[in-house]
Amino acid sequence: MGALLMRKNLSKVLYSILIIFIALTMISPFVFMLSASLKTTADAFDDPLAHIIPKTIYWENYKTLFSSPDYFIWIGNSFKVVVITILLRGFIVTMAAYAFARLNFKGKGLLLFFSMSTLAIPSDTTVVARYLLYKYLHLLDTHWAIIIPAIFDVFFLFLLRQFFVGIPKEITEAAIIDGCSHYRVYFRIILPLAVPALMTMVIFSFVYIWNDFASPFIFISSQAKQLVTVGLQYFTSIAGANYSLQMAGASIVVLLPVILFTFAQKYFVEGIASSGVKG
């Protein structure tokens with residue numbers, strides 16, 4: 001019994017060490033980024049492993065960053081695109097997921113199959129077609145060129161559909177018998193019960209859209225309309241090859257998703273767990 005208990009304790013210790021090692025590996029790039037943002041460019045390249053904590057804190061990078069109006073314009077543009085996309089995606093995708101989970105209509109299985117099949121198509125293969133389409137529709141150099149294709153996401157359709165399937169049908173059937181329409185069931189019953197899944201969608205959507213570089217780089221050309229991920233490149237070219245300044249800008253960009261996940265991680269875990277075991 002003592003030997004068995006010792007082996008269990010040893011396995012727990014080894015497991016904890018492995019988890020700590022993986023966590024340190026994942027967080028190390030962010031530590032180096034923050035460290036470099038508080039140094040001069042010369043110091044940032046001077047043996048960064050030996051000087052994670054700067055000998056002298058160099059705040060000029062952040063002062064230069066905050067004195068630039070372009071940087072806050074880019075952040076505002078990114079925030080605008082993220083908020084509009086999440087609101088439209090939340091409305092359209094949740095309604096589609098409810099239809100697939102609760103309604104019976106001809107061709108439902110085939111439509112769901114073809115929708116899920118689009119996940120196998122790399123988005124990069126459609127860049128040229130999208131560019132020509134946006135040019136024809138006069139959407140180039142507008143934020144709608146980024147918002148419109150991101151409104152409907154098949155991954156979240158499947159995620160929410162799985163969550164809705166896990167909600168007992170008796171609840172919605174009883175509401176319909178009492179005279180509720182599907183719209184009232186959707187708004188009054190399904191959405192309040194689906195908060196964990198909705199928060200999961202919000203977190204994933206925020207991180208992906210906020211960090212997207214390819215779409216704004218290809219479809220937006222005006223500096224004033226650019227998003228912050230690409231805007232940092234403009235800022236670096238204007239200020240010169242200032243590595244530390246770029247890391248300061250990136251540190252601020254990373255901060256918002258971290259704050260969002262910190263406050264919403266409980267719902268994130270619940271949403272993933274509930275969506276993955278039902279249906």
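Which helix gives the most to the lining of the second largest pocket? The structure is a predicted model, in which local features need pLDDT of at least 70 and side-chain atom pairs count only at pLDDT 80 or more, while totals for chains, interfaces and linings use all residues. Residues are numbered from 1 along each chain as its sequence is written, and side-chain values use heavy atoms, with hydrogens and water left out.

Rolling a probe the size of a water molecule over the atoms shows where empty space is left. Here a pocket is an open set of points on a 1 Å grid over the protein atoms alone, where a 1.4 Å probe fits, with protein on both sides within 12 Å along at least five of seven lines; its lining residues have an atom within 4 Å of a point.

The answer to the opening question is α14, with eight residues; helices are DSSP runs (H or I, at least four residues) numbered from the N terminus. α14 (243-277) is joined by α1 (2-37) and α11, each supplying at least two lining residues. This pocket is lined by 17 residues, and F30, M33, V254, L255 and V258 lie nearest its centre.

The largest pocket has 28 lining residues, with S123, R130, P149, D153 and Y208 nearest its centre. Helices α6 (127-136), α7 (144-151), α8 (154-166), α11 (195-211) and α12 (214-219) each supply at least two residues of its lining, and the largest share, five residues, comes from α7.
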